[in-house]
Amino acid sequence: MPSPNRFLRTSGVHAVIDPDPWHANAFVLSIDNAEQSHVNLAQPQEVFYEYLRRIANAIDLVKPAGEPITALHLGAGALTLARYIQATRPGSIQHAVELERELLDFVLEQLPLPAGTDLTSHVGDAREELAALPADLTFDVVILDIFSGPEAPAHLACADFYREAAAVLAPEGILAVNVGDEPGFTLVTSQTHALQEAMDSVAAYGTSMLFSRRYPGNIILLGKNGAWPEGWAQQLVAAGPHPATVMTGVELDELTG
């Protein structure tokens, strides 16, 4: 029996949801034959993909364990982190923005959210939908997971957009940006500089070997409208996946030239 699939009109490609052959009750979302998201319906607190696990680790630091948060997901995918937040912080209020209407509908039909999830979905461009949110909404976490390679939408990969995202953060909130890049890390460098223009504190978090700039991979950039909290870097490194590195301050400046 073929796996469920849906044509995405905006991008002109197909999305497919396949069962994970190694984990019961787990599924993989692929778009245009490229794996995008992994979801474990039975254990949504288990995050399989390395870069998403690192964002989850940062979410864990925002407030004490189990305390509800507000979260904005710019780029929904299979809503892996929305599921994680609901599983680990019941009662959280979440919003998700996705460019592809068919993708959101498809994911919610095939992979239902955990019971009790309070998630409002928005269809459209991430920057436009961010600007259209009610003025009184603030978020403990804003997650940008749109950059899937060295090419990134210019209107999103810039300091002005990061300022707009930073403006909706609660005082102790974080902006987490997933940056997938090729060796040399041209996009990581440009996005680090853009985030540094927009926010007071910036950190880069990822697998240690990636910081040699010799390998492709995903770096998580974390921005705060204030000082980088003492002890956060050590906690993120300890949380893994291992080996992990967190760079801030002068070290990060040296990485990005």
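Two strands count as paired when DSSP finds at least two bridges between them; strands are DSSP runs of E, at least two residues long, and helices are runs of H or I, at least four long, both numbered from the N terminus. This is a predicted model, with local features needing pLDDT of at least 70 and side-chain atom pairs pLDDT 80 or more, while totals for chains, interfaces and linings use all residues. Residues are numbered from 1 along each chain as its sequence is written, and side-chain values use heavy atoms, leaving out hydrogens and water.

Let's start with the sheet. Eight strands make up an open, mixed sheet, running β7-β6-β5-β8-β9-β11-β10-β12. β7 and β12 sit at the edges with a single partner strand each, so one side of each has no neighbour in the sheet.

Now the α5 and α6 pair. Their axes (lines fitted to C-alpha atoms over the stretch in contact; angles run from 0 to 180 degrees between N-to-C directions) lie 8 Å apart at about 50°.

| Helix | Residues | Contacting residues |
|---|---|---|
| α5 | 159-166 | A159, Y162, R163 |
| α6 | 186-198 | Q191, A194, L195, E197, A198 |

Contact here means heavy atoms within 4.5 Å.

What about the inside? A nonpolar core is a set of buried Ala, Val, Leu, Ile, Met, Phe, Trp, Tyr and Cys residues joined through side-chain atoms within 4.5 Å, buried being under 20% relative accessible area with a 1.4 Å probe, protein chains only. The largest has 39 residues, with F147, Y162 and L175 making the most contacts inside it. A second, separate core of 30 residues includes Y49 and L52.

How values were computed
Buried < 20%, exposed > 50% of the residue type's maximum accessible area, 1.4 Å probe, protein only.
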